[in-house]
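Let's take a friendly walk through this fold, from its strands to its cores and on to a few individual residues. Have the sequence and the model open side by side as you read.

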Amino acid sequence: MIQRTRLSLRCLSTFEDISRALNAHADGVMKFKPNQTRTYDGEGFKQRAACLCFRNEREDEVLLVSSSRHPDQWIVPGGGMEPEEEPCGAAVREVYEEAGVKGTLGRLLGVFEHNQDRKHRTYVYVLTVTETLEAWEDSINIGRKREWFPVEEAIKILQSHKPVHAEYLRRLQLSCSATDNGNILLPPPPPNDNAARAAACR
């Protein structure tokens, strides 16, 4: 079921919805800005990807980074997809650039749409961190910081200024409550399903 919040945010939680988003992704267009290329899918959504980066497989501590626009605020690392880039590749690249971490890319948590101010569609993955760089691109270029937070504390922090990102973590909690021995209980995807390929992308 697709659930909407007061912020007009929705998570595309079924295989059909995610497949539709991926098909729109394939039909996308590009817009150029200085030093940046923004990509939009066939439905006019800006294409983004992000990762919830966890210290270990228990997924009880999540890594947040300081906002480039508001350095005193914490956010989930993520950003716009580049031309011809797959969502999973964009998610890994963004956390490397913004948070200076590498790791094992896990499941696709969901595809989130937001229409309140800037129309965008974000593919959110789970990543278990295996390597942390002492200095990384954004720490050198813009002084970006990072910090580990317990999930519940991170939700409270994000809710005050970035409720969309807080919703990612709430979705994680919901998915964990529907698991058996750590495995999400979902029906098997049909053959050649685009959503399955996105979820399995490593």
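A residue is called buried here when its relative accessible area is under 20%, exposed when over 50%, and partly exposed in between, using a 1.4 Å probe and protein chains only. Helices (H or I, at least four residues) and strands (E, at least two) are DSSP runs, numbered from the N terminus. This is a predicted model, so local features need pLDDT of at least 70 and side-chain atom pairs count only at pLDDT 80 or more, while totals for chains, interfaces and linings use all residues. Residues are numbered from 1 along each chain as its sequence is written, and side-chain values use heavy atoms, with hydrogens and water left out.

Let's begin with β8. Because 10 of its 14 residues are buried, β8 is largely enclosed by the rest of the structure. Two strands are said to pair if DSSP finds at least two bridges between them. β8 and β9 run antiparallel, joined by 11 bridges. Within this pairing, phenylalanine 112 has threonine 122 of β9 as its bridge partner.

How many of the residues of β4 are buried? Nine of its nine are, and the strand is mostly covered. Lys46, Arg48, Ala50, Leu52 and Phe54 point one way from the strand, and Gln47, Ala49, Cys51 and Cys53 point the other way. The burial therefore applies to cysteine 51, at 0% relative accessibility, and to cysteine 53, also at 0%.

What about disulfides, taken as pairs of cysteine sulfur atoms within 2.5 Å? A search of the whole structure finds zero. Cysteine 51 is in no disulfide, and its nearest cysteine sulfur is that of cysteine 53, 5.2 Å away. Seen from cysteine 53, the closest cysteine sulfur is in cysteine 51, and 5.2 Å is too far for a bond.

Now to the interior. A nonpolar core is a set of buried Ala, Val, Leu, Ile, Met, Phe, Trp, Tyr and Cys residues joined through side-chain atoms within 4.5 Å. In soluble globular proteins, nonpolar side chains tend to be buried together. The largest core in this model has 22 residues, and those with the most contacts inside it are Leu52, Phe54, Leu64 and Leu169. Two or more residues come from each of β4 (46–54), β5 (61–66), β8 (101–114), β9 (120–132), α4 (151–161) and α5 (163–177). A second, separate core of 20 residues includes Ala49, Ile75, Ala99 and Tyr125.

Counting a contact as heavy atoms within 4.5 Å, and leaving out residues up to four places away in sequence, leucine 64 touches Trp74, Ile75, Val76, Lys145, Arg146, Glu147, Phe149, Ala154 and Leu158.

The expected span of a helix is 1.5 Å times one less than its number of residues, so the 15 residues of α5 should span 21 Å, and its end C-alpha atoms are 21 Å apart, which agrees. Among the buried residues of α5 are Val164, His165, Tyr168 and Leu169. Histidine 165 counts as buried at 5% relative accessibility, and it touches Ile75, Val76 and Leu158, not counting residues up to four places away in sequence. The C-alpha atoms of histidine 165 and phenylalanine 112 are separated by 9.8 Å, although these residues are 53 apart along the chain.

Finally, look at two backbone angles. Most residues other than glycine have a negative phi. Glutamate 59 has a positive phi of about 55 degrees and sits in the turn of the hairpin that β4 and β5 form, with six residues between the strands. Glutamate 84 also has a positive phi, of about 65 degrees, and lies in the loop between β7 and α2 (87–99). Are these two glutamates buried or exposed? Glutamate 59 is buried, with a relative accessible area of 14%, whereas glutamate 84 is exposed, at 80%.

Technical notes:
A disulfide is a pair of cysteine sulfur atoms within 2.5 Å.
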